[in-house]
Amino acid sequence: MAPIEGCGLALYSVEGARSELDLTALAETYSGLLFRVAYSVLRSRAEAEDVAQDVFVRILKRSPDLLTVRDLRVWLIRITWNLSIDRRRRIRPEQIDEDFAKSLVATNAPADEALGDAQRMKAVLRELEKLPRAERQVLLLSTVEELETLEVAKVLGRSESAVRALLFRARTRLRERLDRGEGK
Amino acid sequence: MINSSEEAIRKVLAGLRGCDVPLEMEQRILKAVQDQASAESRSGWRWSRPLWLVNLGAPTVSGRLFFSVVVTGVLAVALTIPLLHRAHRVGDTASQFKKVASRQVGPQPLATPSLVASSATVPPTASDFRLSGKKRKRAVGVARHCDSLALRELHAASRPAPPLPLTREEKMLLRLIHTVGPQELAMLNSEVRAKHEAEADAEFQQFFGQVMAKNNEQN
């Protein structure tokens, strides 16, 4: 998706409110990206949509601050990320992860196979949550297709090479832990 | 069927990546934002203002100018009145304080009966009568508080004086008591000492007197 500067942003007021930004254009440009960022953390469509909505409400409230924001895209992703983490603390993530794991299993597979696959997926999600914070953040943000390594680095306030190293370490650690868990 | 952990990881990450955006999410988001904006504007100050104030703040040049002049005037009056009031009150308090201070010269706690009597019988000055009723009551209250403090000190029970420090001789005596035996202590008594010396002399004479008498006899 193109950044905000690229979509010919027309300045007008929404419903006579104090917002100077075109929220329609903002929503068209960023809602999908923000939804996917939230989904990578929450793994629930409804919750992720709520977070995306919440982000835009916050934009409305803090519209004067937006004029001072240098990189709007990164700023929005950061807000979404933080709101998603807050929301994940409030909800019951175990139940959501279970539903997500079930949704990944092939529907035409035999019942015992499906059960085994779902267990494996749940184990992956469980170990994913146990990863060191920086590694987990990088791994989850890398699942958002629209985000390049440079942008992930900007969101997390790290260098590009650090992000690559963290991503490699995260995958390696996750694999090792899962193998160890299966060995037991 | 998933055979390795790597495959499971890949599948989970692909599941996170492949999530589709819900249909008409943008419309729902925009509707929520618009609802929020309208709710805020309804609950804001704009709607609680009286109509004439809303008209004053109308976005015409003359209206804005008039509105700003009125607001400035109201603010100026609102700020000036309390300041004047406070300045007047500070002046009164200072004069009252001076009066009370002039009556209480010197350290207050050392209140002698004469002082107490004099402070209790200070007649109200002419300026006291010039004070308004409330202020006069306050000044009289301060004076009464001082008098009651002095009277309380006057009637308080006297305490015994603290013990004086020991003299040089007393200190020496104490040291002697703690260092020498009872015989030496008895020697301090002049009668006992004289008696003891007389006995020693008599003993000496008795012994050496006999020896000297024998020597004389042999010679």
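Trainee: How much area is buried between chain B and chain A?

Mentor: The size of an interface is often given as the accessible area lost when the parts come together. Here about 3500 Å² is buried between chain B and chain A, with carbon and sulfur atoms giving 69% of that area. Buried area is the accessible area (1.4 Å probe) that two parts lose on being put together, summed over both. Keep in mind that this is a predicted model, where local features need pLDDT of at least 70, side-chain atom pairs count only at pLDDT 80 or more, and totals for chains, interfaces and linings use all residues. Residues are numbered from 1 along each chain as its sequence is written, chains are lettered from A and ligands numbered from 1 in the order in which they are written, and side-chain values use heavy atoms, with hydrogens and water left out.

Trainee: How many residues of chain B are in contact with chain A?

Mentor: Contact means heavy atoms within 4.5 Å. On that basis, 30 residues of chain B touch 42 residues of chain A.

Trainee: And how many salt bridges cross the interface of chain B and chain A?

Mentor: Side chains of opposite charge can pair when their charged atoms come close. The rule asks for a side-chain nitrogen of Lys or Arg within 4 Å of a carboxyl oxygen of Asp or Glu. It finds three salt bridges across this interface. Glu6(B) and Arg175(A) meet in a salt bridge, at 2.6 Å from N to O. Over all chains the count comes to 20.

Trainee: Which parts of chain A does the salt bridge of Asp71(A) and Lys154(A) link?

Mentor: That pair meets at 3.6 Å, N to O. Asp71(A) sits in the loop between helix H3 (63-66) and helix H4 (72-90), while Lys154(A) belongs to helix H8 (residues 149-156), 83 residues apart. Helices here are DSSP runs (H or I, at least four residues) and strands are E runs of at least two, numbered from the N terminus.

Trainee: What about Glu129(A) and Arg88(A)?

Mentor: Their side chains form a salt bridge at 3.7 Å, N to O. Glu129(A) is in helix H6 and Arg88(A) in helix H4 of chain A, 41 residues apart. Glu129(A) is partly exposed at 27%, whereas Arg88(A) is buried at 12%.

Trainee: Now for helix shape: where is the kink in H1(A) centred?

Mentor: The bend at a residue is the angle between axes fitted to the seven residues ending there and the seven starting there. In H1(A) there is a kink of about 50 degrees, centred on Tyr30(A).

Trainee: How many residues of H1(A) are buried?

Mentor: The helix is mostly covered, with 18 of its 20 residues buried. Arg43(A) follows H1(A) and has a positive phi, near 60 degrees. Ser44(A) lies in the loop between H1 and helix H2 (45-61), and counts as buried because its relative accessible area is 14%. Leaving aside neighbours within four places in sequence, Ser44(A) is in contact with Tyr39(A) and Ile96(A).

Notes
Buried means under 20% relative accessible area, exposed over 50%, partly exposed in between (1.4 Å probe, protein chains only).
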